[in-house]
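Subject: Structure for your review

Dear colleague,

Please find below the structure that I would like to hand over to you. My findings follow it.

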Amino acid sequence: MATSGTGTSGRRARDTASGTALVVIDMINTYEHEDAELLLPSVREALPVMVDLLTRAREHGVPVIYVNDNFGEWRSHHGEILRTALDGPHAELVEPLQPDDSSLFVVKARHSVFYETPLAYLLAQLGVDHLVLCGQVTEQCVLYSALDAHIRHIEVTIPTDAVAHIHEPLADAALEMMRRNMSARTVEAKEIDFAAATTGRRK
């Protein structure tokens, strides 16, 4: 996407932002890391819900932004990260969620989708002020991303059945923190109405 950060279109997007984007966090994954075995059952349970969210977002023209760890491979671009995950031992968890030609991709190195990434700038260019966050891990990257969105005055919705956890009690506590401390809306994915989101209403 080529847009000028100093042009009138960029200022207009910031001034009139009312859009929604779906952010997919860390789902392009080989699952060859610590705690993966604890995470996998939750990923498998949430996967069909995430696939449905992606399908509905794309049908309604809602931007889909993948924000994914680079796993310390600083020479890798997003295509290589995807290829590595699809060649890994759990490709069946990656293939249904892989980006399509309309998807946007941001590489991160730490927990938050905002930390040292261009995501905030991208959202301003897209006129987005509301994020639906899905992916993993509820009590880590999802939590910290919701906090960073909150301090940037970006509304957040968490579909509770489309986020995966390692430790369920910590995930439940994280969801409560997001509700209480970050004004996040926590709902089942089926309650998210992307058709309404594209007309400026929040559902």
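A contact here means heavy atoms within 4.5 Å. On that basis, 82% of the contacts in the chain between residues at least 6 apart in sequence join residues at least 24 apart.

Please note that this is a predicted model. The mean pLDDT of the chain is 88, with 85% of its residues at 70 or more. Residues 1-17 call for caution: pLDDT stays under 50 over this stretch, for which the model has 22 contacts beyond four places in sequence.

The chain contains seven helices and seven strands. Read from the N terminus, its elements follow the order α-β-α-β-α-β-α-β-α-β-β-α-β-α. Of its 203 residues, 50% count as buried. The chain exposes about 10,000 Å², of which carbon and sulfur atoms supply 50%.

I examined helix 5 in more detail. This helix covers residues 138-151, 14 residues in total, and spans 18 Å from its first C-alpha to its last, close to the 20 Å expected at 1.5 Å a residue. Its buried residues are T138, E139, C141, V142, L143, S145, A146, D148 and A149.

Yours sincerely

Notes. Residues numbered from 1 in each chain as written. Predicted model: local features only at pLDDT ≥ 70, side-chain atom pairs only at ≥ 80, totals over all residues. Heavy atoms only, no water. Helix = DSSP H or I, 4+ residues; strand = E, 2+ residues; numbered from the N terminus. Expected span 1.5 Å × (residues − 1). Buried < 20%, exposed > 50% of the residue type's maximum accessible area, 1.4 Å probe, protein only. pLDDT = per-residue confidence, 0-100. Areas by Shrake-Rupley, 256 points an atom, 1.4 Å probe, with all protein chains shown as cover.
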